[in-house]
Amino acid sequence: MKVLTDNFSTYWHGFLGTLALTAVSAALALALGVLMAAFRVSPVGPLRTLGAGWVTVLRNTPLTLLFFIVVLGLPRFGVSLPFFTFAVLALGCYTSAFICEALRSGINTVPTGQGEAARSLGMTFGQTLSLVVLPQAFRSVIPPVGSVLIALAKNTAIAGSFSVVELLGTYRTINELGYSILWTFVWIAVGYLIITLAISALFNLLERRLAVSR
């Protein structure tokens, strides 16, 4: 306990940094994931190609490499942003590819007759998707989306190597003070466990509230 009590402020700032990074990146990932899922099922060919390309490239690019591209590459084009924002862009874009595929699998579970019925009533593709298809798809993909966001919370650890304040990065400061490296990592693991269990509990609650009747 001495490691925790003596360095609680350091742990707390790292914990809050990981929380903020997870929350903002998750919001970006969900927004981009929904957009790309819509592109992937769009009747417009170029949009389907864009959505497929987005997913293929990001799912097959190591996250660490994506961090290097964002942090070192964007400034070469005159894009100067805080390291936190760069980390959010890398994490959000990377995770959006997995959110997109989870949502697309949910969209495929919605009976095609419902979309056809909506179009027969004069609804556009956008209206059909947002009012008929996506609400049902969301209900069926709550567990996989929750798993993706839990993975996102753990992936934030990479941001510490790029000058972003987060939980894993606290080990450097504490280790320099001479504390046991083993117990330093034990309390870091507890912090990540708290975050991931909170996300899991939230999505379990959503799953129960929005359970699909079978």
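This section describes the fold of a predicted model and then a few of its local features.

The protein chain is helical, with a secondary structure of 10 helices and zero strands. Read from the N terminus, the elements follow the order α-α-α-α-α-α-α-α-α-α. The C-alpha trace of the chain spans about 70 × 45 × 20 Å along its principal axes. Of the 214 residues in the chain, 39% are buried. Among contacts with a separation of 6 or more, 77% are made by residues 24 or more positions apart.

The packing of two helices was examined in detail. Two packed helices are described by the angle between their axes and the distance between the axes. For helix α2, which covers residues 8-40, and helix α3, which covers residues 45-59, the axes come within 7 Å and cross at roughly 130 degrees. Helix α2 is therefore oblique to α3, and the crossing of the two is left-handed. On the α2 side, the contact is formed by Leu-32, Met-36, Phe-39 and Arg-40, which meet Leu-47, Arg-48, Leu-50, Gly-51, Ala-52, Trp-54 and Val-55 of α3. By class, eight of the residues in this contact are nonpolar, one is polar and two are charged.

Phe-39, a residue of helix α2, takes part in this contact with α3. With residues up to four places away in sequence left out, Phe-39 touches Leu-47, Arg-48, Leu-50 and Gly-51. Phe-39 counts as buried because its relative accessibility is 17%, under the 20% limit for that class. Phe-39 and Ser-130 are separated by 91 residues in sequence, and their C-alpha atoms lie 13 Å apart in space.

Helix α2 also holds an aromatic pair. The structure contains six aromatic pairs, and one of them, formed by Phe-8 and Trp-12, is stacked, with 6.2 Å from centre to centre and 10 degrees between the planes. Both residues of the pair belong to helix α2, where Phe-8 and Trp-12 are four residues apart, about one turn of the helix. Phe-8 has a relative accessibility of 48% and so counts as partly exposed. Trp-12 is likewise partly exposed, since its relative accessible area is 42%. Together with Phe-15, Phe-8 and Trp-12 make up one aromatic cluster.

Apart from residues up to four places away in sequence, Thr-128 touches Gly-115, Ala-118, Arg-119, Met-123 and Val-133.

Ser-163 is found between α8, which covers residues 142-155, and α9, which covers residues 170-176. The phi angle of Ser-163 is near 65 degrees, a positive value in a residue other than glycine. Ser-163 counts as exposed because its relative accessibility is 57%, over the 50% limit for that class.

Conventions
Residues are numbered from 1 along each chain as its sequence is written. This is a predicted model: local features need pLDDT of at least 70, side-chain atom pairs count only at pLDDT 80 or more; totals for chains, interfaces and linings use all residues. Side-chain values use heavy atoms; hydrogens and water are left out. Axes are lines fitted to C-alpha atoms, for helices over the stretch in contact, and angles run from 0 to 180 degrees between N-to-C directions. Angles under 35 degrees count as roughly parallel, over 145 as roughly antiparallel, 65 to 115 as roughly perpendicular and the rest as oblique. A crossing is left-handed if the near helix is turned anticlockwise from the far one by less than a right angle, and right-handed if clockwise. Contact means heavy atoms within 4.5 Å. Ala, Val, Leu, Ile, Met, Phe, Trp, Tyr, Cys and Pro count as nonpolar, Asp, Glu, Lys and Arg as charged, and the others, Gly among them, as polar. Rings of Phe, Tyr and Trp (its six-membered ring) pair if their centres lie within 6.5 Å; planes under 30 degrees apart count as stacked, over 60 as edge-to-face and the rest as tilted. Buried means under 20% relative accessible area, exposed over 50%, partly exposed in between (1.4 Å probe, protein chains only).
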